[in-house]
Amino acid sequence: NLDTLNKAAASVGRIDLIFHPGLDYVGTGWLITKDIAVTNRHVAELFLRREGFGGWRFQRGSSDALIEARLDFRRQKGDDGSVRRRVEVRKALYVA
């Protein structure tokens, strides 16, 4: 039904990057719980790097700052940017 579709669509957001030397955004992520989102590995590898056994950390970007990632749940092609619902990506729990 339409309500189910609207609820699912509201959990999908664009992954925007800050301090990445060449990309403003990299793909999409979607919430699987209220505070855990997932994306594809090839997307995560554009702003994360492997560190140690199984660990992942944010890459260094412009001016040696750590790249920041945010999920923007209201970003649409052609919007004016006046309405946003952004969530900061704080860490990578797992990359497979």
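Which residue of β2 is the bridge partner of G13? The partner is G29. This pair belongs to a predicted model, in which local features need pLDDT of at least 70 and side-chain atom pairs count only at pLDDT 80 or more, while totals for chains, interfaces and linings use all residues. Residues are numbered from 1 along each chain as its sequence is written, and side-chain values use heavy atoms, with hydrogens and water left out.

Strands here are DSSP runs of E with at least two residues, numbered from the N terminus. Strand β1 covers residues 12–18, and five of its seven residues are buried, so the strand is largely enclosed by the rest of the structure. Buried means under 20% relative accessible area, computed with a 1.4 Å probe on protein chains only.

Two strands are said to pair if DSSP finds at least two bridges between them. β1 is joined by five bridges to β2 (residues 25–33), and the two run antiparallel. Together they form a hairpin with six residues between them, and F19 in the turn has a positive phi of about 75 degrees. β1 also pairs with β6 (residues 68–72), again in the antiparallel sense and over five bridges; here D16 stands opposite R70 of β6.

β2 in turn pairs with β3 in the antiparallel sense over three bridges, and W30 stands opposite V38 in β3.

These pairings belong to an open sheet of five strands, ordered β3-β2-β1-β6-β7, with antiparallel pairing. Its edge strands, β3 (36–38) and β7 (86–89), each pair on one side only. From one strand to the next, the twist averages 40 degrees, where axes are lines fitted to C-alpha atoms and angles run from 0 to 180 degrees between N-to-C directions.

Technical notes
Buried < 20%, exposed > 50% of the residue type's maximum accessible area, 1.4 Å probe, protein only. Helix = DSSP H or I, 4+ residues; strand = E, 2+ residues; numbered from the N terminus.
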